[in-house]
Amino acid sequence: MKKVVQILNIAVFLGFLVVLAVASLAVPKDDYSETENRYLADMPDFSVSDWFSGDYSEDLTSWLDDHFAMRTNWISLHTSLELLQGRSEVNGVYISDNRLIELTDEIDYSVVDNSLEAISYLSELSDTPVYLMLVPTAAEIYSDEVVYTEKKVSQRELITYSYDYLLENSSVQPIDVYSTLYMSREEYIYYRTDHHWTSKGAYLAYIQAADSMGYTASSIDKFDVRYASHSFYGSLHSKVLYSGIQADSIEFYLSNTRTVSKVTTDEEGNVTYTSVFDESYLSRKDKYLCYLGSNTALTQVVSDSAGGKLLVIKDSYANCLIPFLAENYCEIDVIDLRYLTTLANYIDDLAEYDSILILYNAQNFAEDTNLPKLKLMKN
């Protein structure tokens, strides 16, 4: 009788695996996961060389992982099981009582040095002042909440190292927002389920930058705050699908003294002016794209400010800061180096700008390999 029960258990288990395998192969395959906010792996093409190198089996495993039946349910279940076993880190995300925190990987300072050399080079090409703002992420500001892991990397040390390098080797002026953000850590300055800062966090940095960049920041009463969404589950939630953290809110700080527009020019040269807040993304998974819209090599923003022209070289942390900067600059060119090979394709003369701001979050700055493209600029 005992053997019969064992055989039945094995048969049920194997049958369950077969059903899952058949379902995984039979169900329609999506190219994009709205829940995880990423593109899914494609079925690899077979080749003998890939087979013997192991690339084919690796790519096939990725495809099977991405298209496994009820994938999102399994991710959520995996997270729950990890928490039940007393683990707080799942898929590179630390789950605290109040927020999800993306842990910082060990820093490769050779990558950092290459970026700093490129920034220094850019500052030598013209007399236009260059500023660097490195923004600590929630992993740094709320490091005291990360208590059950050894994966603690100091972003503050990275920021200090970078700023000291530039002060010694270039005319680049650092903008330090660390203290301001840390002192405001009890406010809603970072999303709970996403790796970005909020508009409130960006506004605090905008004020802090005023002293360095020579503008007078608009006071908070110059903006009407609109709560555009209360159901934002961001990139970190997508990695763990954990429902124990409250959804985030999206806030639009709408200027009541300036008219701010995003400029779009089509292939025929026709120009259209739209809001810097793209509300179409509020109905999608990645609601953060409502700030300036989808990522492109060049985004142009104009306002009726009497200020000058600003060049921003950035990662996505800058997106919700740009509307504040438009209070003080009449034209802003926003460059994302991930989408271009050379700045010269978009910028004829650095001297046409009154200021250049390079803005990255500290974690991304430590990993980014695109900043050396700045060395492709010519005098």
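Visitor: What covers the buried residues of α5?

Guide: Happy to start there, with a reminder that this model is predicted. The cover includes the strands β6 (130-135), β13 (309-314) and β15 (355-361), along with the helices α7 (155-169) and α12 (362-367). Among the buried residues of α5 are Val 111, Leu 116, Ile 119 and Leu 122.

Visitor: How do you know what span is expected for helix α5?

Guide: Helix α5 runs over residues 109-123, which is 15 residues.

Visitor: Why is Cys 290 called buried?

Guide: Buried means under 20% relative accessible area. Cys 290 has 0% relative accessibility, so Cys 290 counts as buried.

Visitor: And how many disulfides are there?

Guide: The count is zero. For Cys 290, the nearest cysteine sulfur belongs to Cys 320 and is 9.0 Å away. A disulfide needs the sulfur atoms within 2.5 Å, so Cys 290 is in none.

Visitor: How many cavities of 30 Å³ or more does a search of the whole structure find?

Guide: Two. The largest holds about 70 Å³ of space, and among the lining residues closest to its centre are Glu 102, Thr 137 and His 195. Strand β5 gives the most to that lining, with three residues.

Visitor: Which classes make up the lining of the second largest cavity?

Guide: Three nonpolar, six polar and two charged residues. Lys 314 and Asp 336 are among the residues lining that cavity, which has about 60 Å³ of space.

Key
Residues numbered from 1 in each chain as written. Predicted model: local features only at pLDDT ≥ 70, side-chain atom pairs only at ≥ 80, totals over all residues. Heavy atoms only, no water. Buried < 20%, exposed > 50% of the residue type's maximum accessible area, 1.4 Å probe, protein only. Helix = DSSP H or I, 4+ residues; strand = E, 2+ residues; numbered from the N terminus. Expected span 1.5 Å × (residues − 1). Contact = heavy atoms within 4.5 Å. 1 Å grid on protein atoms, 1.4 Å probe; cavity = no way out; pocket = protein on both sides within 12 Å on 5 of 7 lines; lining within 4 Å. Points joined across faces, edges and corners; volume = space filled by probe spheres on them. Nonpolar A, V, L, I, M, F, W, Y, C, P; charged D, E, K, R; others polar.
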